[in-house]
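Open the model in your viewer and keep the selection tool at hand. The stops below say what to pick next.

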Amino acid sequence: MVKLWAIVVMVAIALLRSTFAKQLSCTMELDRSCSLIGAKVSSDEILTTTFASSNPSTLSTVQFARSSLTGIPPAMFQTFPKLESLNATGSDIKQIQSRNFADAKTLQSLYLRGNKIHDLPDVAFFGASRLQTLDLSDNAIATIESTAFKRLRELKTLLLGSNSLTELQPGVFDDLSDLERLELQQNGLGSIDDRLFQGCHSLTALNVSHNALKTFNVAQFERRWSFDLIDASYNKLSVVRIPPNLRQLVAIGNGIRTVESTATNGSELILLKLPHNKLTSVDEVPVFDKLITLDLSFNRIREFDFRSAARFGKLVLLKLDGNQLESVSNSLTAPITHLKYVHLADNQFTHLDLNVLRTVPRILKLDLRRNQLERLAVTDLAGSFPVMVRIMLEGNRFRCPDSRPLLKELKESITAYAMTRNDCRKEENLIDGICCS
């Protein structure tokens, strides 16, 4: 008799719950989307919450706004069987439950940025096998089980930046064979296993910046196809080894002293950005025959010869700002015409003769800002640099008498240079567009 009463009570509770189950309603717009504004779902209501909308069978997009959800109610995917995009950004979500996406068979985009998710369980997105974009950035994720992304073989973009990850389980990305873009920046990763991305055969863009990596084997991405971009900025790297198929490497703010190349038959690298490291010479960078942009600003370079730039046969932009250069030299015996932009700001020049650049005649812009230049000499500016359209001279210490020959050359060329009164120090005068004293 007691057991019978217990069963009756449980059935009664279930009936009450179904009778008073929360229902969230939205009106479908012409683009087959709807917004749920101010929705609230507690942890006890996740499994019982239902949804309603006009023409629910054709709805493709749902967005939550100013909502508070403990989790995603699974009934959403039963009510909207053709749902392709779900945006629950900033909705107070605290948990992902393994079977909540069991009926999300058409879901392609899931945006869960800016919630309060702490972990991803095994097979966290089971059922959402057509998912292509998954944004989990700016949560508090500290743990990801090794099978969390299992069966997401169509996923192309995975965003995990700004979480609390300190390690990643081996094999966690093994099922992501179509993944093209992965963001792991602003976590606390101290190491990344060399085989972590071995299943990501389509990966072409990776961001691991703002972590605590002391080593990172960039060479593990050596493959038959091009790898577009790796950003390893603001870690603790001292060495980078660049594979031949990598097109762009950004590694700002490490302690890099050594740059190596694993290429034996040419390199695809077109951009190398290494500001705020510990390199002491441009010659420490290996030759990359397709390199277009080389940024070594704010390193420890004391000497520079334009012969070093000639090693890169397609180099267009060279940035050496913020080093310790007091002069530059040029031992080139033949002109180089590919170099167009030269940045030498924030160095220690006091006197500079532009004639040293005569074998680099196609410069379009020369940046000499914030040095200590008192005098800048040049002979036949218009003839030596016929296409120089801009020379940047702000923040120096020019002597007015020594600047007259420079002003004459500037006026007879197409080169723009003019400063304004706001660029001058209190003790300086503005004479024909040059701040001097």
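A salt bridge here is a side-chain nitrogen of Lys or Arg within 4 Å of a carboxyl oxygen of Asp or Glu. This is a predicted model: local features need pLDDT of at least 70, side-chain atom pairs count only at pLDDT 80 or more, and totals for chains, interfaces and linings use all residues. Residues are numbered from 1 along each chain as its sequence is written, and side-chain values use heavy atoms, with hydrogens and water left out.

**Salt bridges**

The count is 18 salt bridges. Select Glu-183 and Arg-181: their closest N and O atoms are 2.6 Å apart. Glu-183 is buried, at 16% relative accessible area. (Buried is under 20%, exposed over 50%, partly exposed in between; 1.4 Å probe, protein chains only.) Arg-181 is partly exposed, at 36%.

Next, pick Asp-228 and Arg-247, a salt bridge with closest N and O atoms 2.9 Å apart. The pair links distant parts of the chain: Asp-228 sits in strand E15 and Arg-247 in strand E17, 19 residues apart. Strands (E) are DSSP runs of at least two residues, numbered from the N terminus.

Then show Asp-283, Arg-307 and Arg-311, which a network of salt bridges links.

**Asn-254**

Move to Asn-254, in the loop between strand E17 (246-250) and strand E18 (258-261). Is Asn-254 buried or exposed? Asn-254 is buried, with a relative accessible area of 10%. Its side chain reaches the backbone nitrogen of Asn-235 at 3.1 Å. The backbone oxygen of Ala-251 lies 3.4 Å from a polar atom of the Asn-254 side chain.

Methods:
Helix = DSSP H or I, 4+ residues; strand = E, 2+ residues; numbered from the N terminus. Polar contact = N/O pair within 3.5 Å; in protein donor to acceptor, adjacent residues only side chain to side chain.
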